[in-house]
Amino acid sequence: MAKAGTARETGHKVVEAALKKAGKTEAPDYFYMVAPPGEEEFYIKGITEVIGRVPFFGGSAADNAIAGEWLLYTDEMVTADGVAVAFFYGDTGFANEYTGAYEETEYAGIITKVDNYRTLAEIDGVPALKKYQEWTGASDEQVAGGNLLAYSITAPLGVKDPLGDLVAIRHPMNGNEDKTIAVGNNLAENTAIILMKGSVDGLIASTGKAVAKVTDKLGKAPAAYHLVHCGGRRAGIDARIDEVAAELKKAAGDVPFICEFTFGEYGFEDDGRNTCGGLMLSFTAFGK
């Protein structure tokens, strides 16, 4: 559905359209969502206001050059600005493993200023980019402009859910001249943010482990997998991406799967709320 009104209002409308198309009045058992990067959290707010907290999975549209040329495709339309969902009904089983598979470091602080949801301005009252450099030892050149996007793939930021079960990764996308950081998802003032750490070896190995974990969560042999893998992680893995394919094939065995590379990933952890993040894996298993 093309955006009609605000993202939140469009979330209401896409639910109405999906229910009508499914010939249902009740909420689905789970659903898939795709939206362009930018307002994912507001689309999910609108959807949740209509159907309640229903587990979801999916990812944000992407392009090859991070140039804003992404498009959403459905059976009825193509749009650069909107949201699409697929509602699932049935008791065959569904499980989702949503993880960044990064480790926490000793560095954490309080977000003291955010501009327009996705510009991290201050941590502990210090300009955010300056604090990030203090934590990482990164040079001015490494965090300047778009250089930060690549540098932070193995040193992103994270925010915890209230119970501590999930760390949603926040990918620093751009180091701004005013020492603020453009981030890939929404942030809130007076909450904690953590410096995370990873490695290319770890990013590769995490894929096979995530397939194994979602299989365990399902509790039985799956019929298929839908694997959402961050495009930023893929860029960091670069020429070693064939190793990811090998990990996935080994872990999936004879079970068919499809893998997409996205500019934002959606999932949940146990009884927590549906969450949007970046540099993450959202691996889903479907029961037979």
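Colleague: Why is His229 called buried?

Modeller: Buried means under 20% relative accessible area, whereas exposed means over 50% and partly exposed lies in between, with a 1.4 Å probe and protein chains only. His229 has a relative accessible area of 0%, and is therefore buried. This is a predicted model, in which local features need pLDDT of at least 70, side-chain atom pairs count only at pLDDT 80 or more, and totals for chains, interfaces and linings use all residues. Residues are numbered from 1 along each chain as its sequence is written, and side-chain values use heavy atoms, with hydrogens and water left out.

Colleague: Where is His229 found, and which residues is His229 in contact with, leaving aside neighbours within four places in sequence?

Modeller: His229 is found in strand β15, residues 222-230; helices (H or I, at least four residues) and strands (E, at least two) are DSSP runs, numbered from the N terminus. Contact means heavy atoms within 4.5 Å. Leaving aside neighbours within four places in sequence, the contacts of His229 include Thr207, Val244, Phe261 and Met280.

Colleague: Why is Glu40 called buried?

Modeller: Glu40 has a relative accessible area of 1%, so Glu40 is buried. Its place is in helix α2, residues 40-51.

Colleague: What makes the pairing of Glu40 with Ser60 a polar contact?

Modeller: A polar contact is a pair of N or O atoms within 3.5 Å; within protein, one must be able to donate a hydrogen and the other to accept it, and residues adjacent in sequence count only if both atoms are side-chain atoms. The side chains of Glu40 and Ser60 are joined at 2.6 Å. The side chain of Glu40 also makes a polar contact with that of Arg118, at 2.7 Å.

Colleague: Why is Thr275 called buried?

Modeller: The relative accessible area of Thr275 is 15%, and Thr275 is therefore buried. Thr275 lies in strand β18, and its side chain reaches the backbone oxygen of Arg273 at 3.0 Å.

Colleague: Which element gives the largest share of the lining of the largest pocket?

Modeller: Helix α2 gives the largest share, 5 residues. The residues of the lining divide into 12 nonpolar, 6 polar and 10 charged. Here Ala, Val, Leu, Ile, Met, Phe, Trp, Tyr, Cys and Pro count as nonpolar, Asp, Glu, Lys and Arg as charged, and the others, Gly among them, as polar. On a 1 Å grid over the protein atoms alone, a pocket is an open set of points where a 1.4 Å probe fits, with protein on both sides within 12 Å along at least five of seven lines; lining residues have an atom within 4 Å of a point.
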